[in-house]
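This report describes selected local features of one protein model. Please read it alongside the sequence and the coordinates.

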Amino acid sequence: MKPRQKRLALIVGIVAAVGVAAALVLNAFQSNLVFFYSPAQVAAKEAPVGRTFRLGGLVDGGSVQRDGLVVRFVVTDTVKSIPVRYQGILPDLFKEGKGVVAQGQLGDDGVFIAREVLAKHDENYMPPEAAEALQRAGASNQKLGETVVKETRP
């Protein structure tokens, strides 16, 4: 092999190795990427099927049911509600009416199977995504109320 061919082969090998490494890094990044969805978005089928995502909102009052380590509760954004099942120990700050973010997958029966549950850590904190989802839900509830009032007036 001539020196020029050796150099070309070395360059092609390096470019191929860098390309394979970049593909592996991007694939690992894509598989670990977890998006946040509100209950209204999940009900509208915007959440991925068969993939892990985060569901956030408020724990609906009176919805927490405990059976040993299995806990069932409902997450709401005041527009839609999604039932959640979690097996494990909940955070100490987990309470009805408080903010929560659950990470897991949506089951075929429409129940969100959580692998991890995060509760807010003080009086002033709510995950930014959950706060934004609640604000959007509140705005749509207000618009709906205004529409109902307008339609009922003569």
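## Largest pocket

By class, seven nonpolar, three polar and two charged residues line the largest pocket. Here Ala, Val, Leu, Ile, Met, Phe, Trp, Tyr, Cys and Pro count as nonpolar, Asp, Glu, Lys and Arg as charged, and the others, Gly among them, as polar. The lining includes Lys 45, Ile 82 and Asp 108, and the pocket holds about 260 Å³ of space. A pocket is an open set of points on a 1 Å grid over the protein atoms alone, where a 1.4 Å probe fits, with protein on both sides within 12 Å along at least five of seven lines; lining residues have an atom within 4 Å of a point. Grid points are joined across faces, edges and corners, and the volume is the space filled by probe spheres set on the points.

## Basis of the model

The model is predicted: local features need pLDDT of at least 70, side-chain atom pairs count only at pLDDT 80 or more, and totals for chains, interfaces and linings use all residues. Residues are numbered from 1 along each chain as its sequence is written, and side-chain values use heavy atoms, with hydrogens and water left out.

Strand S5 covers residues 81-87; helices (H or I, at least four residues) and strands (E, at least two) are DSSP runs numbered from the N terminus. Buried means under 20% relative accessible area, exposed over 50%, and partly exposed in between (1.4 Å probe, protein chains only).

S5 runs antiparallel to strand S4 (residues 70-76), with seven bridges between them, and Val 71 stands opposite Tyr 86. Strands pair if DSSP finds at least two bridges between them. S5 is also joined to strand S7 (residues 112-119), in parallel, by three bridges; there Val 84 stands opposite Phe 112.

## Two loop residues with positive phi

Most residues other than glycine have a negative phi. Thr 78, in the four-residue turn of the S4-S5 hairpin, has a positive phi of about 75° and is partly exposed, at 46% relative accessible area. Lys 45 has a positive phi of about 65° and is exposed, at 72%.

## Ser 63

Ser 63 lies in the loop between strands S2 (53-59) and S3 (65-67) and counts as buried because its relative accessibility is 12%. Its side chain has a polar atom 2.7 Å from the backbone oxygen of Asp 60 and reaches the backbone nitrogen of Val 74 at 3.1 Å.

How values were computed. A polar contact is a pair of N or O atoms within 3.5 Å; within protein, one must be able to donate a hydrogen and the other to accept it, and residues adjacent in sequence count only if both atoms are side-chain atoms.
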